[in-house]
Amino acid sequence: MCGIVAYLGKKVAQPILIEGLKRLEYRGYDSAGLALLSSPPNGGIKINKTSGRISALEGILDGLDNKESLGIGHTRWATHGEPNTVNAHPHLDYTGKIAVVHNGIIENYGTLKTWLQNEGAAFASETDTEVIANLIGYFYAGADQAGGAEISAGRNKFEWAVQRTLQELHGTFGLAILCSDFPDMLIGAKKGSPLILGLGDNEYILASDAAAIVEHTTQAIYLSDNEMVTVTPKEFHTKTIDNITVSKDLEQIEFSLEQIELGGFEHHMLKEIFEQPDCLSTCMGGRIDNKGHRIRLGGIDSHLRELTHTKRLILTACGTAFHAGLVGEFLFERLARIPTETEYASEFRYRNPIIEDGTVVISISQSGETADTLAAIEQAKERGATVLGLVNVVGSSIARTTDAGIYLHVGPEIGVASTKAFTAQVAVLSMLAIELGRRRHISSNQADMYIDELAQIPRKISRILEQSDHIKKIASANIDKDNWLFLGRGFNYPVALEGALKLKEISYIHAEGLPAAEMKHGPIALIVDGMPSVFIATAGPQYDKIMGNIAEVRARGGKTIVVATEGDENIKQHADHLVTIPDAPELLQPMLTVVPLQLLAYHAAVLRGHDVDKPRNLAKSVTVE
């Protein structure tokens, strides 16, 4: 969740670190801080940190003459300890020689803290991270005696102390570490939390996300779990935490600085909503052959035969990606007749799941770093399943852990509330379901029709986006209501769940998504005069049924906000507010029906005065369980 950035090079570190933290602020924004390391004779670690956002840290730094060329920075999403200045990162060890920034959770920090306190180490904060700093400090202080043989064999005692510490930690970590005795050395380490080293012209930037690197270089290495990197002004070398040398390939960062800028939009979320037509065109480009009516998904070519003959599919994900997975479940069962289940990754790993021969697991995650989803992947692989990944971030942990996978290729998603990733996830699942359907169940003519219709989705989304101002008026008329329902049937039931989630996470309005038919089995008791109920009532086999559900709400005084198909004259008399979408086959509608709900949530949040890109208590990439 937290954002880490570190710099070692020829330039002044502070402005690079601050700019990097701003680009990582979507990962956490409870508090922020920097540690800068000076060279002799005025050597030492200078730390500035504060609660609040990066702007608060800038206020503290304003006027300070910090010229150091080595430093580490952190923007926090609080886990252990409230978001105050004391708990903000970086953390110093009890000797004052070691500074650490950390993304992740140390599960055995309580045991380690008690042991360190008994050894005389003092603690100032409530964080698990301070245990890391103090443990490194403890091993470093005794390195000459305890690590003598290993150090004389080629390791310096700073590296040795870090490795000894990492071997004691249970949990997840992305780390950047400084030692005042080594003013030209930076160490990074990774387990379960992302960490990337960008290589510039005699300069290095270590970060938890490429967004903090791409302004300076597009060349990077991606650390794998249980690896560390030691960086000096002229070189870097990578090892496992057990001191085994590792060779890493230099990779190209696939997005540009322009893609992470606002580009004239007020918020990243709005920009990403409006990017969806182009993003989907990119996502499907090269994968849909309209002339030959074929779908090519190169990332999983070697597994298509296995998928075609699979007996069961399990889709596992969290949050918005879970809702995309639900759509995928309906797609695979409708088109390919494959028994499919969608599981919350956070539950899957703990419930002793049944995975038989012939089961394929598809894990879905925008960031590719979601801790619960990674844990579910490990569980599935241990039980012998083939595991495929559907992620957006190239080089992410899920992309590297799964047997094969498909990238979304929609560019960086900065807004905490996912939008374009959802539509791309559904698009990829649709392409895969159509291809498997063609191989297993549906006719070539049916597959051709769906391919043609899928290719039209970006253009149809553009037409929906033209209604943004109209949707803003609908939001304005209803934002005084603190409880909403979102209701859909069939393929639009997961969209109702997603619409409710979007409203909750950025406007802080309580919202509940339901299959429309389930409303009368309890939730209808919530309906009071003027309460908004958002219905997805598009053309399809369940249209008449959902019209009955709309009537039930109106009979009890509820307000109806209806997403319907263009040209539906009948619906007008049943809707207090109406938004239309272009006609499309029912199973492709979720990519269209979700767009008005994204805009509704966005405008509601802005009208209520909230920061939609940094909603309270949330962060973009959930790298802790």
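Modeller: A cavity is a set of grid points where a 1.4 Å probe fits but cannot get out. Please keep in mind that this is a predicted model.

Colleague: Which residues are the closest to the centre of the largest cavity?

Modeller: Those are R489, N492, T538, Q542 and E586, out of 14 residues that line the largest cavity. Two elements, β25 (532–537) and α20 (543–554), each give two or more residues to this lining.

Colleague: And what is the lining like by class?

Modeller: The lining of the largest cavity has 6 nonpolar, 6 polar and 2 charged residues.

Colleague: Let us turn to helices. At what angle do α16 and α17 pack?

Modeller: Helix α16 (residues 444–455) packs against helix α17 (residues 457–465) at about 40°, and their axes are 5 Å apart.

Colleague: Why is α16 called oblique to α17?

Modeller: Angles under 35 degrees count as roughly parallel, and 65 to 115 as roughly perpendicular. The angle here is about 40°, and therefore α16 is oblique to α17.

Colleague: Which residues make that contact?

Modeller: From α16 there are E453, L454 and A455, and from α17 there are I457, P458 and K460. By class, the contact of α16 with α17 has 4 nonpolar, no polar and 2 charged residues.

Colleague: On to charges, then. What is the count of salt bridges?

Modeller: The count comes to 30 salt bridges. One of them joins the side chains of D201 and K10, with 3.9 Å from N to O.

Colleague: Where in the chain are D201 and K10?

Modeller: D201 is in the loop between β9 (196–199) and β10 (204–207), whereas K10 is in the loop between β1 (3–8) and α1 (13–24). The pair links distant parts of the chain, 191 residues apart.

Colleague: Now the backbone. Which residues does a cis peptide bond join?

Modeller: A cis peptide bond joins H89 and P90, with omega at about 5°. P90 is found in the loop between β4 (70–76) and β5 (91–92).

Colleague: And what is the phi of N226?

Modeller: N226 has a positive phi of about 65°, although N226 is not a glycine. This residue sits in the loop between β11 (219–222) and β12 (227–232).

Key
Residues are numbered from 1 along each chain as its sequence is written. This is a predicted model: local features need pLDDT of at least 70, side-chain atom pairs count only at pLDDT 80 or more; totals for chains, interfaces and linings use all residues. Side-chain values use heavy atoms; hydrogens and water are left out. On a 1 Å grid over the protein atoms alone, a cavity is a set of points where a 1.4 Å probe fits but cannot get out, and a pocket is an open set with protein on both sides within 12 Å along at least five of seven lines; lining residues have an atom within 4 Å of a point. Helices (H or I, at least four residues) and strands (E, at least two) are DSSP runs, numbered from the N terminus. Ala, Val, Leu, Ile, Met, Phe, Trp, Tyr, Cys and Pro count as nonpolar, Asp, Glu, Lys and Arg as charged, and the others, Gly among them, as polar. Axes are lines fitted to C-alpha atoms, for helices over the stretch in contact, and angles run from 0 to 180 degrees between N-to-C directions. Angles under 35 degrees count as roughly parallel, over 145 as roughly antiparallel, 65 to 115 as roughly perpendicular and the rest as oblique. Contact means heavy atoms within 4.5 Å. A salt bridge is a side-chain nitrogen of Lys or Arg within 4 Å of a carboxyl oxygen of Asp or Glu.
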